[in-house]
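Colleague: I'd like a close look at one helix and whatever surrounds it, with the rest of the chain as background. Could you take me through it slowly?

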Amino acid sequence: MHIPLSGRNPLLLEALGVRPHLLVLNKMDLADLTDQSRILECLKKQDVRHVLFTDCFKDENIKKIVPLVTELVSNSQRYQRAENIDTSMMVIGVPNVGKSSVINALRRLHLRKGKASSVGAEPGITRAVLTRIQVCDRPLMFLLDTPGVLSPRIESVEIGLKLALCGAIRDHLVGEDVIADYLLHTLNSRQQFSYVERYKMTSPCDNVETVLKSIAVFLGKTRRVKVFTGTGDVTVMAPNYNAAAVDFIGAFRKGLLGKVMLD
């Protein structure tokens with residue numbers, strides 16, 4: 001939900017063709033919804049008209065999925081097949097946007113059953129197309145969970161950083177320090193300074209090294225480093241910048257640094 005525009009794979013939309021589809025923007029609890037109207041307008045210009053904002057921890061919008069899908073399928077002439085009494089759907093999207101969480105939420109809501117798909121905070125938890133998972137009995141509805149699929153060509157460096165910040169790309173492939181730097185820039189440019197209070201800093205700062213040092217000191221994340229001098233080796237305690245960056249990024253993904261919409 002942080003990336004309603006950058007987080008869409010254009011190849012998936014092309015592959016859908018005439019098939020009825022619903023765009024589910026999950027994790028709405030982590031995003032700034034003041035931009036909701038603008039996002040919907042942008043999607044409308046891309047001819048995406050069936051959009052639903054959801055939060056898997058609440059049933060308010062999750063319960064709208066089955067009626068919306070049922071209506072879309074019934075209004076599609078291509079799928080008017082009287083012999084089929086059930087509906088099968090495929091859940092597709094980029095990694096780590098909550099596809100498996102939506103399936104589990106639907107099962108909890110309609111079947112009162114537990115998790116059928118593994119979930120996690122990192123991309124790549126779902127590694128293969130699973131068997132059909134029942135999510136509703138009236139109407140009879142099944143879902144296929146699929147691995148996240150990124151576009152083979154990311155349009156720009158900024159879109160790549162947005163994807164990385166939201167966990168669609170594994171952190172080590174981009175670099176935790178690079179992601180933390182982009183996160184700091186994003187928060188400061190939006191006047192989101194909750195990190196200052198969280199890490200007991202005196203004021204906002206634009207220098208990522210200074211911020212990560214403050215975070216490391218606050219968390220007690222230090223390590224022994226040997227310093228070579230003219231009179232011998234000296235062991236000093238240095239901030240663990242990588243551990244600080246991991247905590248900083250993790251806090252953002254959990255919504256602990258304020259609600260942000262990245263587009």
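Colleague: Before we zoom in, what percentage of the 263 residues in the chain is made up of buried residues? After that, which residues of H4 are buried, and what do they pack against?

Modeller: Buried residues make up 40% of the 263. Buried here means under 20% relative accessible area, exposed means over 50%, and partly exposed is in between, with a 1.4 Å probe and protein chains only. A word on the ground rules: this is a predicted model, where local features need pLDDT of at least 70 and side-chain atom pairs count only at pLDDT 80 or more, while totals for chains, interfaces and linings use all residues. Residues are numbered from 1 along each chain as its sequence is written, and side-chain values use heavy atoms, with hydrogens and water left out.

If you take contacts (heavy atoms within 4.5 Å) between residues at least 6 apart in sequence, 64% of them join residues at least 24 apart.

H4 covers residues 65-74, and its buried residues are Ile 65, Val 66, Val 69 and Leu 72. They sit on the same side of H4, because they cover an arc of only 130° around the axis; that arc is taken from the directions from the helix axis to the C-beta atoms. As for partners, these buried residues pack against strand E2 (51-53), H3, E3, H5, E4 and E5.

Let's pick E3 out of that list. E3 pairs with E5 (residues 140-145) in the parallel sense over five bridges, where pairing asks for at least two DSSP bridges between the strands. In that pairing, Met 89 stands opposite Leu 143 of E5.

Charged pairs turn up around these elements too. The salt bridges number five, counting a side-chain nitrogen of Lys or Arg within 4 Å of a carboxyl oxygen of Asp or Glu. One joins Arg 132 to Asp 86, with the closest N and O atoms 3.0 Å apart.

Arg 108 bridges to Asp 59, and their closest N and O atoms are 2.6 Å apart. Arg 108 belongs to H5 (residues 99-110) and Asp 59 to H3 (residues 59-62), so to speak distant parts of the chain, 49 residues apart. Arg 108 is partly exposed at 33%, and Asp 59 is as well, at 30%.

What about the nonpolar side? A nonpolar core is a set of buried Ala, Val, Leu, Ile, Met, Phe, Trp, Tyr and Cys residues joined through side-chain atoms within 4.5 Å. The largest has 33 residues, and Tyr 195, Leu 212, Phe 248 and Leu 257 touch the most other members. The elements giving two or more residues to this core are H6 (157-165), H8 (176-189), H9 (194-198), H10 (208-219) and H11 (241-253). Apart from it lies another core of 20 residues, and that one includes Ile 65 along with Leu 22, Leu 52 and Leu 109. Ile 65 is one of the buried residues of H4, which brings us back to your helix.

Last, cysteines, in case you were wondering: there are zero disulfides, a disulfide being a pair of cysteine sulfur atoms within 2.5 Å. The sulfur of Cys 56 is 16 Å from the closest cysteine sulfur, that of Cys 166, too far for a bond. Cys 56 is buried at 12% relative accessible area, and Cys 166 is buried too, at 10%.

Technical notes. Helix = DSSP H or I, 4+ residues; strand = E, 2+ residues; numbered from the N terminus.
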